[in-house]
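Me: I would like to go through a protein model with you, step by step. Could you put it up, please?

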Amino acid sequence: MPIPHVTFPAAAAYSRLWRAVTACLVALGHAGALGMVAALLFFETRLDNPVRLLRTYVVTSFAPALAAWLLRRAFAATITVADRLLVVARRDQRVEVPCDAIARVEPWTVSVPGPGVSLALRSGNRFPLEIETRDPRALADALVAAGAAPPSRDALERPFAVYARTRAAPRRWSNLLLQFPVLALIPTLPVFRLHQWITYGGTLGEYYVYGLRAYVLAFAIQWWTLTIHLVLWAAVLRTFAELVVLGAAWRLAPEHVATGRRLAERVYWILYLGAVPAFLIRLAMLAA
């Protein structure tokens, strides 16, 4: 029977320490966004100041998320299973191990910074790298086909492992730009124009009074404020969506969890995109 040659290009390989650091940064970035939502809703804060809002968001959420992204890029790897060998190739390191030397393929219990696996060797040692990959099940199947000892069915069907298989791939920066700052332009333009008319008596009122620099800065402040609010809204919706899917992984048979993921994603996008026209309708009612 031929041994398959399988490559997993969109992967990362960490030491245990760097995986922990990256996971903490991912968690901090998301927790920072949720903390800002809680502060805005339930506490008296000064986050109504746009500059303070931007600074708080950058420090508590954006900076940890950016650091985690940079680490994932730094530890990006190509995983290849070929000729009964597992090859993990990073820019700075290449590690090979015979697949029949792998005693266990262990899906990560908590899929942070993303889904992945750890490998235990027959020698009693652990494989030196922790492997993050979009599809841990496919990697496990390829390793088993090439001679590795199969993971226990219980390990593959644990709720967290089932949940990890449904997680979408990280979005590209171009998609994030469309989702947040580009989409934020839709409410920013009418809000900014309304502000100019109320305060200065015309669309270009601030430009005529204070000049181009002040006019552009005022627009930028309005734009980044609405962009950050969209990011915070998305963080709340994403949290609920992931909790729903995780709950489905605990309660439903594994083959039904993917359906739960698709439903949660549809609801997420309906509520997220629906926030923009809802905001504009509310603005029109206030202006009327």
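Me: In which sense do strand S3 and S4 pair, and over how many bridges?

Reply: The model is predicted, so local features need pLDDT of at least 70, side-chain atom pairs count only at pLDDT 80 or more, and totals for chains, interfaces and linings use all residues. Residues are numbered from 1 along each chain as its sequence is written, and side-chain values use heavy atoms, without hydrogens and water. Strand S3 (residues 85-90) pairs with S4 in the antiparallel sense over 5 bridges. Strands are DSSP runs of E, at least two residues, numbered from the N terminus, and helices are runs of H or I, at least four; two strands pair if DSSP finds at least two bridges between them.

Me: What joins S3 to S4?

Reply: A hairpin does, through 3 residues. Ala 89 has Arg 94 in S4 as its bridge partner.

Me: Which residues of S4 lie on the covered face?

Reply: Val 95 and Val 97 do, whereas Arg 94, Glu 96 and Pro 98 form the uncovered face. In a regular strand, side chains alternate between the two faces of the sheet.

Me: Changing topic: is Cys 99 buried or exposed?

Reply: Cys 99 is buried, with a relative accessible area of 0%. Buried means under 20%, exposed over 50%, and partly exposed in between (1.4 Å probe, protein chains only).

Me: And what about Cys 24?

Reply: Cys 24 counts as partly exposed because its relative accessibility is 46%.

Me: How many disulfides are there?

Reply: The count is 0, where a disulfide is a pair of cysteine sulfur atoms within 2.5 Å.
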